[in-house]
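Colleague: I would like to go through this model with you. Let us begin with the ligand and then turn to the rest of the chain.

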Amino acid sequence: MPAIVLVGAQWGDEGKGKITDVLAAEADQVVRFQGGNNAGHTIVVNGEQRILHMIPSGILHGNTVCAIASGVVLDPFVLFEEIDALAASGTPVSCERLRISRGATIILPLHREIDRLREEARGDTRLGTTLRGVGPAYEDTHGRVSVTVADLCDRDRLAARLVVVAREKEPLLAALGGEIPDWDALADSLAVLGERIRPYVDQVGARVRQALAAGGRVLFEGAQGTMLDVKHGSYPYVTSSHTTAGAACTGTGIGPTAIDRVVGVAKAYTTRVGGGPMPTELVESTGDHLREVGREYGATTGRPRRCGWLDLPALRYAVAINGIDGIFLTKLDVFSGLDSVRVCTAYRVDGEEVTDFPHLADDLARVEPVWAELPGWHEPLGDERAFHELPARARDYIRYVARALEVAVVGVSVGPAREQILFLEDVWPPSRRPQSGILRPMPRPLHR
Ligand code: IMP
């Protein structure tokens, strides 16, 4: 220990990539535990922007080991494009720096095809997926027919697995009007990637457990956001994985007691990309201000994001279901130039205030926001590095959010660059590296 889980507290795109990169400077390992290349984590260093889809956002720090755990769905074609692009821009990704779980699920080209065909067939009720095949790949994980990284590395095992996949998928592809893959050609191209991936393959869960036992610092990097969780998000407008903090345990293979702290990342306002309800959505010019000033276009698909005011009921729910101890508030600089800002403080349904967060899409679509109006500010924020340097009204906004959520704001991001950040609290818990060579387990009280 210590271990921090970092999760998105909204509908994704909260700025997790940047916060992970900053915290990774002091981490021994950064672990991706769910999702796939539907994620787009943006990091800006020395004016250069990198967008990572598969590789953990700790990769730009030379001493941090990055790991892809078994809860991830991994597109090997995209993985190597990303590794090659990083190498071309001066960050070689050696197998000492990147470890990949044998158990991670492989996203096959047919998963992308099924994702696309399903979305087309849905017409107006489409979910607005990223079309990366993530949903169909998770279906196969849970249907127990997926190809794993371990299968990719063994030609015979891969061939046997593809027979199972073909039996399952040929009828489905035919029903959707898709093309049946040339299985031999697919096996050949996967086997080539299998050769390339083999040096990176590891028992990631065991490595993480060892690192934690030895007192190492491990940062678990969540993807997407709380409201996209397959069970606790705005179902069915969700992704297909658990995006909440518990998934760090199930997706890696560690126990909940290994986690010291859960940090949520939330924008100062709300965005959503894809379909589904969004109670605080702005359809007039303020929404355009947030989109243009905040550069709110998808890092993976380039789609314009829907923008709206901060949604406190949704954030309180995120704090509760993730067990968030502290919040990083990002993109506060985007508010500069607004005379006033609004915040949704509660929801009403049929005139009655709602107490439990109605996360299912049909229920969430019925809520009416209750608004509070706060004074805005005109000063730009990008150069501020300490809380007291911020304009008084920006400080008031931060205090307001912390009070409303009953959780500390541990940091504030005021621009895309790595250094445009203010720390309000220490984020890493004190190291518990063992002092002697003997590791003595702490007795655990029976009443826990
Ligand atoms: P999928 O994950 O591609 O199946 O997409 C399901 C929903 O999650 C869609 O509304 C996507 O726009 C959304 N989504 C998936 N990944 C992200 C992300 O990294 N950021 C924001 N939205 C995402």
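This is a predicted model: local features need pLDDT of at least 70, side-chain atom pairs count only at pLDDT 80 or more; totals for chains, interfaces and linings use all residues.

Colleague: Which residue has a polar side-chain atom 3.0 Å from a nitrogen atom of the ligand?

Modeller: The shell around the ligand counts 15 residues. Among the closest are Asn38, Thr130 and Asp13. The polar side-chain atom at 3.0 Å from the ligand nitrogen belongs to Asp13.

Colleague: Where does the backbone come in, and at what distance from an oxygen atom of the ligand?

Modeller: Look at Gly128. A backbone N or O atom of Gly128 faces a ligand oxygen atom at a distance of 3.3 Å.

Colleague: How many residues of the shell are charged?

Modeller: Sort the shell by class. Six residues are nonpolar and seven are polar. The charged ones number two.

Colleague: Which domains supply the shell?

Modeller: The chain is divided into two ranges, 3-95 + 203-423 and 105-199. Each gives at least three residues to the shell. The suppliers are domain 1 and domain 2.

Colleague: How many residues does each domain put into the contact between them?

Modeller: The C-alpha centres of domain 1 and domain 2 are 29 Å apart. In the contact, domain 1 has 27 residues, and domain 2 has 23.

Colleague: How many disulfides does the structure hold, and why is Cys153 in none?

Modeller: A disulfide needs two cysteine sulfur atoms within 2.5 Å. For Cys153, the closest cysteine sulfur is in Cys95, 12 Å away, so the pair is too far apart for a bond. The disulfide count is zero.

Colleague: Is Cys153 buried or exposed?

Modeller: Cys95 has 25% relative accessibility, so Cys95 counts as partly exposed. Cys153 has a relative accessible area of 15%. The limit for burial is under 20%, so Cys153 is buried.

Note on methods: Residues are numbered from 1 along each chain as its sequence is written. Side-chain values use heavy atoms; hydrogens and water are left out. A residue is near a molecule or strand if one of its heavy atoms lies within 4 Å of it. A polar contact is a pair of N or O atoms within 3.5 Å; within protein, one must be able to donate a hydrogen and the other to accept it, and residues adjacent in sequence count only if both atoms are side-chain atoms. Ala, Val, Leu, Ile, Met, Phe, Trp, Tyr, Cys and Pro count as nonpolar, Asp, Glu, Lys and Arg as charged, and the others, Gly among them, as polar. Domain bounds come from an automatic or database domain assignment. Buried means under 20% relative accessible area, exposed over 50%, partly exposed in between (1.4 Å probe, protein chains only). Contact means heavy atoms within 4.5 Å.
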